[in-house]
Amino acid sequence: LAGLRGAVADASCSPTASLVLLRALDTLGREAADFVAAELRGRARDAAGTSHGCAVLCHLLERTAGQSATEALVEELVGEPRGGDVAALCCHKYGHLAAMSVMRCGAVRHKGIVADALHGDLHRYARHRFASKVLREALVLAPHNVRGSLARELMSAPGSTTALACHCFGVLLVRAMLQQPRFAKQVRQCLTRGQARLRRDRYGYDLLVELGLEAAGRPPLPATAALGGA
């Protein structure tokens with residue numbers, strides 16, 4: 001790795017050189033992780049914005065999240081003073097994968113920062129192609145109080161849970177809340193009240209069948225939700 005000193009940030013974004021970094025992280029352990037993390041400092045956002053660079057970041061996070069060099073890199077990626085950019089990271093084609101790795105493996109503080117960034121416009125992010133995936137991780141892996149805050153906001157308006165269940169990305173969040181014992185009862189009650197609407201929607205109907213609230217067998221109707229992001 002010594003030959004890559006000063007060039008790791010560029011190498012991480014290369015289709016071929018990034019494979020060398022991934023192999024080094026697998027075989028050389030902490031020594032390689034500290035070196036790569038230190039070399040990526042100042043360029044974390046650049047790496048997260050490319051498919052290969054993001055793969056290196058995610059691999060680093062998932063293998064060495066507790067190491068000081070990696071935590072410093074995550075702080076640069078999602079911490080202050082660039083915290084206002086975290087929502088944009090969650091909406092990015094590749095950046096959202098790094099945000100998901102933070103939610104899976106990062107420190108409690110960093111998980112909280114990512115989740116808080118989505119609070120600003122939660123229902124829009126719940127329907128976004130990429131941000132919804134980060135939000136789903138947050139509903140399962142964020143700190144206990146943060147999970148509760150997110151779920152309450154998603155269910156706060158009358159009919160909001162049913163509306164999410166009728167969206168191709170939103171329904172994934174409804175399923176995530178159903179898997180949480182403290183939310184499942186309320187979510188199920190909301191869906192029961194919205195059965196008439198759910199029956200007319202492809203995603204809603206499938207969810208009703210999964211929950212045993214509707215018999216399987218009839219052809220699903222066309223979905224009411226758009227397939228696009230944002």
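Reader: How much space lies in the largest cavity?

Author: About 30 Å³. This is a predicted model, where local features need pLDDT of at least 70, side-chain atom pairs count only at pLDDT 80 or more, and totals for chains, interfaces and linings use all residues. Residues are numbered from 1 along each chain as its sequence is written, and side-chain values use heavy atoms, leaving out hydrogens and water.

Reader: Why is this called a cavity?

Author: Because on a 1 Å grid over the protein atoms alone, a cavity is a set of points where a 1.4 Å probe fits but cannot get out. The volume is the space filled by probe spheres set on the points, which are joined across faces, edges and corners. The structure holds one cavity of 30 Å³ or more.

Reader: What makes Thr70 a lining residue of the largest cavity?

Author: Lining residues have an atom within 4 Å of a point, so Thr70 makes the list, together with Leu57, Leu60, Leu61, Leu73, Val74 and Leu77. The lining divides into six nonpolar residues, one polar and no charged. Nonpolar covers Ala, Val, Leu, Ile, Met, Phe, Trp, Tyr, Cys and Pro; charged covers Asp, Glu, Lys and Arg; the others, Gly among them, are polar.

Reader: Which helix supplies the largest share of that lining?

Author: H6, with four residues. Helix H5 (51-64) and helix H6 (68-78) each supply at least two.

Reader: How many helices and strands does the chain have?

Author: 17 helices and zero strands. Both are DSSP runs numbered from the N terminus: helices are H or I, at least four residues, and strands are E, at least two.

Definitions and conventions:
On a 1 Å grid over the protein atoms alone, a cavity is a set of points where a 1.4 Å probe fits but cannot get out, and a pocket is an open set with protein on both sides within 12 Å along at least five of seven lines; lining residues have an atom within 4 Å of a point.
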